[in-house]
Amino acid sequence: MNIIITGLITGSMLALLAISFSLIFGVARIVNIAHTAFYMVAAYCIFSLTGKFGLNPVAGMMIAVVVVTVFGLLAYKFLIDPIREHEAAVLIATIALAMIFQEAVMLIYTGDYRTVSALIEGYFIVTGVKVFYQQVLTFGVVLVVLALLWFLLMKTKLGLAIRSTAEDREVANLMGMNDSRLAMITMGISVALAGFTGAVLAPLTVLSPFMWMEPLIIMMAVVVLGGLGSIKGSFVAAYILGFTEALVVFMIPKGAFLKGSVALTIMILVLLLRPEGLFGISFEEER
Amino acid sequence: MGENYSRYKYWFRGAPFNDRYLVATSFAHLGLAGATIKNELNVPVKCAIVAEKAAWTEAMIKAAEATIPKMGFELVGVWQPSDKATDVTAELSAIQKSGANMIFTIFSASVGITFARQAGELKIPAVQVGINVEAQKDGFWEATKGMGNYVFTMNSYARGIEVNELTKPFVETYIKRFGEVPTYTADTYSAINLGLVPSIEAAGSLDADKIVAIMENREYLVPGGKVKLERDKEGRPTHDLTWGPGYLTSLGVQWQDGKLVAVWPNKWKASPTAPEVTYKGMVPLKLPPWMKK
């Protein structure tokens with residue numbers, strides 16, 4: 001039971017992060033290394049809004065997502081868009097952006113570890129296993145957001161435009177879609193989802209200025225496993241790695257620290273055996 | 001040091017005492033917690049070891065695996081989460097299943113907060129004893145949202161505890177200036193102001209060899225106890241700190257309802273023939289009430 005619950009929650013979090021990362025990569029070929037730094041900023045926003053200003057946690061979460069989205073859009077407009085055609089430059093610029101966020105958080109909040117109160121305190125027991133209410137709530141909320149994202153992508157005109165651009169940017173452009181505007185909207189959605197992940201995960205984790213690094217690596221593993229730019233691939237791969245991590249912790253107590261390494265080993269094996277990932281494409285020319 | 005004195009003679013340990021003594025102190029704390037469990041609950045003591053995965057914990061785990069059974073406690077298992085783990089519910093479930101009523105923690109990083117918070121939230125029926133560096137800080141209570149209640153950790157200082165006449169003024173001045181109780185790193189103050197400066201003054205010069213010779217033979221009070229540098233079996237200087245009754249012992253502190261109070265040494269005897277040690281201001285160790293159901 002513990003493996004199922006831990007796997008589902010870890011998988012859902014990774015899915016949100018990886019899908020939102022894949023979204024902006026698929027549409028605009030932007031490798032946003034600062035993606036999980038936005039997640040960190042959202043978590044600290046909630047810490048301030050609820051802890052320092054005494055705001056209602058739900059209101060705090062919503063404000064945090066808005067703040068992070070605004071940061072994301074500004075970053076896109078003034079940092080990424082001018083150099084968008086140079087992928088390596090974007091990569092380096094977003095690394096720098098993540099470091100700026102890290103140092104700013106360090107300056108404001110110091111390096112001390114912080115925590116955020118759970119929305120619902122306590123736990124219940126299922127088949128002898130204690131499960132936090134907050135974990136179940138988080139899992140439920142993540143599923144709802146994933147469903148909304150699916151609806152947006154599959155059932156709306158905007159979603160159709162995003163998917164078309166992700167499939168073939170040039171043809172989408174020729175069909176009259178404003179590539180630059182779509183990239184900005186997608187960046188907004190992508191960062192909002194990263195912020196949302198930080199918001200829902202904040203009560204379950206320990207906040208530190210370096211908390212963006214570990215999820216970044218695992219998120220990359222998910223994206224590679226699923227196929228770079230493939231949303232469906234990210235979704236499936238997130239749960240594969242989520243359950244893998246849970247299995248490692250439960251099956252090898254003395255090797256619980258290895259869970260990240262196992263995920264990265266899977267990523268390396270996938271790169272060696274199937275470079276396109278589970279649902280990706282082999283060569284850029286195939287796009 | 002003993003084998004290559006001329007190379008290492010300018011190196012001195014300022015704080016804390018070495019890992020052999022850290023382990024010895026932890027075992028004394030385990031002994032206190034184990035005795036409390038036996039006295040209050042009248043059940044055999046089952047101990048789980050939970051140590052963050054780091055090089056500094058490896059030797060301590062080995063020593064604990066060898067010593068805990070000799071102390072009359074059953075060792076039920078060893079768990080090693082990442083030092084930055086944000087979820088240890090898996091480990092906690094397994095520990096509860098193992099029947100452990102005492103958890104020997106060895107944490108220096110954020111996992112100390114995660115572990116204490118989740119163990120408190122899940123009301124794991126075991127007392128946490130050992131090293132939890134985050135629990136030494138005043139911010140621990142807020143960081144665990146009060147769920148770190150009853151966590152017992154080694155520490156150098158605590159409010160209201162007087163090891164000697166230097167302790168109270170040092171701790172009070174430190175709190176006034178920095179807003180929190182000093183941790184072991186604050187002993188840099190003693191190493192410089194009470195160790196090095198008087199030695200230079202006694203030497204009357206900055207000749208390093210003269211200063212070293214004086215430092216090796218001094219015994220002096222510091223806020224945490226008395227400093228005397230050790231010698232090895234052959235009588236060669238090791239420049240390591242002496243641990244034990246009358247010298248440095250550190251403290252065992254426990255979070256009790258939002259306050260970090262000192263619970264050890266309280267009538268502690270390092271050996272049957274050793275003198276009993278109690279510092280002014282000690283209170284009894286408390287077991288989590290949910291252990292008593």
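## A salt bridge across the chain

Let's start with a pair of side chains in chain B: Asp240(B) and Arg13(B) meet in a salt bridge, at 2.6 Å from N to O. This pair ties together distant parts of the chain, its members being 227 residues apart. Asp240(B) sits in strand 8 (residues 237-241) of chain B, while Arg13(B) belongs to the loop between helix 1 (5-8) and helix 2 (19-41) of chain B. Please keep in mind that this is a predicted model.

Arg13(B), with 32% relative accessibility, is partly exposed.

## Other charged pairs

Over all chains, the salt bridges number 15. In general, side chains of opposite charge can pair when their charged atoms come close. Another pair to look at is Glu121(B) with Arg117(B), whose side chains form a salt bridge at 4.0 Å, N to O. Both residues lie in helix 5 of chain B, four residues apart, which is about one turn of the helix. Glu121(B) is buried at 14% relative accessibility, and Arg117(B) is buried as well, with a relative accessible area of 6%.

Glu219(B) and Lys226(B) also meet through their side chains, in a salt bridge of 3.6 Å, N to O. Here Glu219(B) is partly exposed, at 43% relative accessibility, and Lys226(B) is partly exposed too, with a relative accessible area of 26%. Elsewhere in chain B, a network of salt bridges links Asp232(B), Glu234(B) and Arg236(B).

## The sheet

Now for the sheet of chain B. Seven strands make up an open sheet with mixed pairing, and their order is 2-1-3-4-5-9-10. Strand 2 (74-79) and strand 10 (259-264) of chain B are the edge strands, each pairing on one side only. From one strand to the next, the twist averages 25°.

Helix 4 (residues 89-98) of chain B packs on this sheet and touches strand 1, strand 2 and strand 3 of chain B. The direction of helix 4 makes about 165° with that of strand 2 of chain B. Helix 2 of chain B lies across strand 3, strand 4, strand 5 (152-155), strand 9 (251-256) and strand 10 of chain B. Relative to strand 3 of chain B, helix 2 runs at about 155°.

## Strand 3 and its neighbours

Which strands does strand 3 of chain B pair with? One of its partners is strand 1 (residues 46-51) of chain B, which runs parallel to strand 3 and is joined to it by five bridges. Within this pairing, Val50(B) has Thr105(B) of strand 3 as its bridge partner. Strand 4 (residues 127-132) of chain B also runs parallel to strand 3, with six bridges joining the two. There, Phe107(B) has Asn132(B) of strand 4 as its bridge partner. Between strand 3 and strand 4 of chain B, the chain passes through helix 5 (residues 111-121), and this β-α-β crossover is right-handed.

Strand 3 (residues 102-107) of chain B is largely enclosed by the rest of the structure, because six of its six residues are buried. Which way do their side chains point? Met102(B), Phe104(B) and Ile106(B) point one way from the strand. Ile103(B), Thr105(B) and Phe107(B) point the other way, and the residues of both groups are all buried.

Terms used: Residues numbered from 1 in each chain as written. Chains lettered and ligands numbered in written order. Predicted model: local features only at pLDDT ≥ 70, side-chain atom pairs only at ≥ 80, totals over all residues. Heavy atoms only, no water. Buried < 20%, exposed > 50% of the residue type's maximum accessible area, 1.4 Å probe, protein only. Pairing = 2+ DSSP bridges. Right-handed = clockwise from strand over helix to strand, strands pointing away. Axes fitted to C-alpha atoms, helices over the stretch in contact; angles between N-to-C directions. Contact = heavy atoms within 4.5 Å.
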